[in-house]
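Work through the exercises below with the sequence and the 3D view open. Try each task before you read its solution.

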Amino acid sequence: MSRKETAFITGITGQDGSYLAEFLLDKGYEVVGLTRRTTHQRFENIEHLAGKIILEFGDLMDPETIEHIVAEYKPSEVYNLAAQSVPADSWKHPMVTGEITALGTVRVLEALRKHKPDARFYQATSREIYGGVKQEVIDEQSPVFANNPYGIAKLYSHLMTLNYRDSYDMYTASGILFNHESPRRGLHFVTRKVTSAAAAIKLGITNPPLNERGRPLIESGKLRLGNLEAMRDWGYAKEYVVAMWMMLQQDRPEDYVIATNTMYSVQDLCQLAFGHVGLDWRDHVESDTRFMRPTEIEVQRGDYSKAQRQLGWEPKTSFPELVRLMVDADVERFKGGSFQTE
Ligand code: NAP
């Protein structure tokens with residue numbers, strides 16, 4: 001890179017934002033991250049980047065702060081990763097999901113249109129835009145049919161991203177990412193619930209972290225989950241952020257499915273995680289209707305062959321390897337006494 005480019009990341013405190021910031025710093029970018037001003041700041045995913053990144057307070061609900069940041073830093077690349085990102089919570093919070101996950105994207109796009117129209121923009125689209133589509137293998141040409149408030153908000157953002165490309169000739173690209181996980185995944189998500197529960201039970205932890213209902217994740221020795229038969233295409237977040245960057249280095253902006261083209265059930269996840277620490281998952285996991293989604297997404301895996309062909313991207317870490325590395329990280333966290341609680 002001849003001169004230092006500036007990248008602006010919304011959602012920098014999240015799983016993907018923190019990995020992307022690391023990746024872009026390694027590439028020589030100046031990294032500016034948007035973070036919400038809250039009473040109890042939680043920066044565990046980016047603590048190790050202190051002094052290397054610039055943090056600006058702001059909120060996707062507030063267009064003014066976004067515009068000020070864009071006008072001040074004039075970033076050449078913008079990665080819009082911030083969202084109300086928990087599909088299961090979106091039924092309870094449909095309006096805030098719409099405000100952040102749908103309209104928040106337009107606030108960033110508008111800031112760019114006004115202050116830096118030649119910036120390259122990445123939108124974090126989700127496979128949930130295909131929620132109800134009855135087609136096992138999904139690619140960029142598949143029909144969309146989001147079937148939960150989160151997926152519908154993401155679909156709006158996806159189409160608006162395309163619309164700014166077509167209407168204003170801006171470089172806007174969406175990554176249609178299937179589920180991706182890591183030791184930095186939030187505790188609201190099933191993978192982290194399972195890997196942290198396996199670690200906690202193995203180590204005999206008596207004060208486990210809380211679940212989204214404010215109850216201990218493990219009660220009476222049991223982890224309670226929703227549908228154990230739900231199937232997902234799960235990849236490794238650290239590899240997925242590389243694809244985001246690649247999408248913004250192309251001659252023309254396009255949208256890409258990023259996935260592994262494999263599928264595992266929640267039960268497989270439990271078996272792998274508990275098995276890794278020598279436990280039988282059936283002794284420690286129960287299905288509980290309170291954690292079921294009102295509508296489940298269809299069984300789908302992502303065909304990433306366009307990304308492979310045009311970007312040279314492909315997944316490297318298998319799902320069993322990913323589960324093992326997540327369990328190992330949770331064991332270390334508990335041993336070090338620095339467990340992340342929601
Ligand atoms: P994540 O860990 O939940 O991070 C979400 C980020 O959004 C956090 O930094 C959060 O900040 C921020 N945020 C939430 N509301 C905000 C607001 N009103 N204003 C500014 N920031 C706000 O999510 P992730 O797993 O890294 O995912 C990144 C993006 O990809 C999200 O848009 C997600 O929906 C999408 N996606 C994820 C997956 C996946 O499997 N991980 C798959 C497809 C798409 P706080 O720290 O302040 O809460």
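**Exercise 1: Contacts of the ligand**

Task: Which side chain has an N or O atom 2.5 Å from an oxygen atom of the ligand?

Solution. Step 1: pick Ser85; an N or O atom in its side chain is 2.5 Å from a ligand oxygen. This is a polar contact (a pair of N or O atoms within 3.5 Å; within protein, one must be able to donate a hydrogen and the other to accept it, and residues adjacent in sequence count only if both atoms are side-chain atoms). Step 2: turn to the backbone. A backbone N or O atom of Leu60 lies 2.9 Å from a ligand nitrogen. A backbone N or O atom of His180 lies 2.9 Å from a ligand oxygen. Step 3: check the cover. Alone, the ligand exposes 900 Å², and the protein buries 87% of that. These areas come from the Shrake-Rupley method with a 1.4 Å probe.

Before going on, note that this is a predicted model: local features need pLDDT of at least 70, side-chain atom pairs count only at pLDDT 80 or more, and totals for chains, interfaces and linings use all residues. Residues are numbered from 1 along each chain as its sequence is written, and side-chain values use heavy atoms, leaving out hydrogens and water.

**Exercise 2: The shell**

Task: How many residues surround the ligand?

Solution. Step 1: count 24 residues, with Thr13, Arg36, Asp59, Ser85 and Tyr150 the closest. A residue counts as near if one of its heavy atoms lies within 4 Å. Step 2: sort them into 10 nonpolar, 9 polar and 5 charged. Step 3: find the sources. α1 (15–26), β5 (120–126) and α4 (149–168) each supply at least two shell residues. β5 gives the largest share, 3 residues. Helices (H or I, at least four residues) and strands (E, at least two) are DSSP runs, numbered from the N terminus.

**Exercise 3: Enclosed elements**

Task: Why is strand β7 largely enclosed by the rest of the structure?

Solution. Step 1: β7 (residues 171–177) is largely enclosed because 7 of its 7 residues are buried. Buried means under 20% relative accessible area (1.4 Å probe, protein chains only). Step 3: find the partners. β7 pairs with β5 in the parallel sense over 7 bridges; Ala173 is the bridge partner of Tyr122. β7 also pairs in the parallel sense with β13 (residues 256–258), over 3 bridges; here Gly175 stands opposite Tyr256. Strands pair if DSSP finds at least two bridges between them.

Definitions and conventions
Nonpolar A, V, L, I, M, F, W, Y, C, P; charged D, E, K, R; others polar. Buried < 20%, exposed > 50% of the residue type's maximum accessible area, 1.4 Å probe, protein only.
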